[in-house]
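Let's take a walk through the inside of this protein together. Have the sequence and the model open as you read.

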Amino acid sequence: MPGLRRDRLLTLLLLGALLSADLYFHLWPQVQRQLRPRERPRGCLCARRAPSRASDPAAAASDPRVAAHNFSRVRPGTEQDRGGRSGPGSKLQALFAHPLYNVPEEPPVLGPEDSLLASQEALRYYRRKVARWNRRHKIYKEQLNLTSPDTPLQLRLEASWVQFHLGINRHGLYPRSSPVVSQLLHDMRHFPTISADYSQDEKALLGACDCTQIVKPSGVHLKLVLRFSDFGKAMFKPMRQQRDEETPEDFFYFIDFQRHNAEIAAFHLDRILDFRRVPPTAGRLINVTKEILEVTKNEILQSVFFVSPASNVCFFAKCPYMCKTEYAVCGNPHLLEGSLSAFLPSLNLAPRLSVPNPWIRSYTLAGKEEWEVNPLYCDTVRRIYPYSSSSRLLNVIDMAIFDFLIGNMDRHHYEMFTKFGDDGFFIHLTTPEGLDGTPTTKSPPSRRCPSAAG
């Protein structure tokens, strides 16, 4: 009996010690955190914001607590509110203010050979496009007996998309300290849309254009081309998955959906790495009824809109694969989150070459490419022009590092502007087709090394 009582006492003492330790090390710190006034970390930029700015619409739009969907508040340096006061911004702004990002600019653009576009020629081309759009829009309204007064569009030379196109040079898609990028991101987020249409991928799959000119017609990814009131264009990719949803391990890289927030993150990462090779990309909430359905002239696109059982407005793509109502994207009930990527200049102004990636992936369930099985493959590619005598191979390495960081395993081609020759920079497109509204020029396979052509 005395031994049994002693065991019970030891057990009670042990349980009491465990309970005391749990109270002291776990529960008590939580109680202290709850009772302690909430403090912001010393380095938090938002702590120094004046409370009165919350009443300012412009300040509210830049506050992540107020505008949860304003994904692309990026600008090197500080932004200014309506009163002209400069204030702190996002963590990306603080990053770009670091001395490492204030190194001297790249070599200056010396002459016409360093700029992608000839200004006068480009402006004449854009004026013709605006005039053509006005004529077609007038005819469309007359056919439908629409009498709403619309002011003809005018090309504004100060439009952000025009300045973005004119600023492309041999060093990148935009200069390091360019204010045009911030304005372009703002315009894509806020300007009203005046037209919506399928991209060239979907048109190729529908037989509406020459499929052989498309690098890789996509039957999985739904994309729309939106035109804004300043006549700028952007590629819209709708949200199809939650942001924290990861690709299942059993999925192949060529059947996974493209994520809209990955497009936005890729642009910002490219900017942080100082590549400046991804077209500016912003996030936006689109009203699919007012900003797509009511402005599109494409009857096929109009026909794929429907109202779901949950009373949400939805639409889907017309293509051979995932083109059913179960693969539709839906608003809530009208608003749909997505990414907008700025278009590059038309191929009529700035031809591009699309080259098969020597390290292309296999698009079969069990197949492997030569680089996956041949240990000497890299040496073979290094001896082949242009990888043997220019910076092309270094650009491939840059692209491979960038793709690894963003998780892109589907880089079957890379593109570059033909004007800048073999040493030109790669355009880090995250879209199968080029962002210019026209099909991409395909380069012929290499005869000297078929394996290098993919």
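## Aromatic rings

One aromatic cluster is formed by Tyr-125, Tyr-126, Trp-133, Trp-161 and Phe-231. Before going further, please note that this is a predicted model: local features need pLDDT of at least 70, side-chain atom pairs count only at pLDDT 80 or more, and totals for chains, interfaces and linings use all residues. Residues are numbered from 1 along each chain as its sequence is written, and side-chain values use heavy atoms, with hydrogens and water left out.

Rings of Phe, Tyr and Trp (for Trp, its six-membered ring) pair if their centres lie within 6.5 Å; planes under 30 degrees apart count as stacked, over 60 as edge-to-face and the rest as tilted. By this rule the count comes to 13 aromatic pairs. Two of them are set out here.

| Pair | Distance of centres | Angle of planes | Class |
|---|---|---|---|
| Trp-161 and Phe-231 | 6.4 Å | 50° | tilted |
| Tyr-414 and Phe-426 | 4.1 Å | 15° | stacked |

Trp-161 belongs to helix α5 (residues 160-166) and Phe-231 to the loop between β4 and β5, so this pair ties together parts that are 70 residues apart in sequence. Helices (H or I, at least four residues) and strands (E, at least two) are DSSP runs, numbered from the N terminus. Trp-161 is buried, with a relative accessible area of 8%, and Phe-231 is also counted as buried, at 5%. Buried here means under 20% relative accessible area, exposed over 50%, and partly exposed in between (1.4 Å probe, protein chains only).

Tyr-414 and Phe-426 are both buried.

Charges sit over rings too, meaning that NZ of Lys or CZ of Arg is within 6 Å of the ring centre and within 35 degrees of the ring normal. Arg-227 lies over the face of Phe-231, 3.9 Å from the ring centre. Lys-297 lies over the face of Tyr-140, at 5.2 Å from the ring centre.

## The sheet and its helices

The protein has 13 helices and 13 strands. An open sheet of 5 strands runs in the order β3-β4-β5-β10-β6, with antiparallel pairing. Its edge strands are β3 (193-198) and β6, each of which pairs on one side only. Neighbouring strands of this sheet are turned by 35° against each other on average, direction ignored.

What makes β10 (residues 335-342) largely enclosed by the rest of the structure? Of its 8 residues, 7 are buried, so strand β10 is largely enclosed. Two strands pair if DSSP finds at least two bridges between them. Strand β5 (residues 233-238) is joined to β10 by 5 bridges, and the two run antiparallel. Here Lys-237 stands opposite Ser-339, and Pro-238 stands opposite Gly-338. Strand β6 (residues 281-287) pairs with β10 over 7 bridges, also in the antiparallel sense, and Ile-286 has Leu-336 of β10 as its bridge partner.

Helix α8 (residues 260-272) packs on the sheet, touching β5, β6 and β10, and its direction makes about 35° with that of β10. Helix α6 (residues 180-190) lies across β4 (224-228), β5, β6 and β10, running at about 15° to β6. Axes are lines fitted to C-alpha atoms, for helices over the stretch in contact, and angles run from 0 to 180 degrees between N-to-C directions. The buried residues of α6 include Val-181, Leu-184, Leu-185 and Met-188. These buried residues of α6 pack against α5, β4, β5, α8, β6 and β10.

## The cores

A nonpolar core is a set of buried Ala, Val, Leu, Ile, Met, Phe, Trp, Tyr and Cys residues joined through side-chain atoms within 4.5 Å. The largest has 62 residues, and those with the most contacts inside it are Leu-173, Met-188, Ile-292, Phe-315 and Phe-417. Helix α4 (residues 119-143) gives the most to this core, with 6 residues. Apart from it lies another core, of 10 residues, among them Val-355, Tyr-387, Leu-393 and Tyr-414.

Leu-173 has contacts (heavy atoms within 4.5 Å) with residues including Phe-164, Ile-168, Val-278, Leu-344 and Phe-417, not counting residues up to four places away in sequence. In the protein, residues 24 or more positions apart account for 69% of the contacts with a separation of 6 or more. Of its 454 residues, 44% count as buried.
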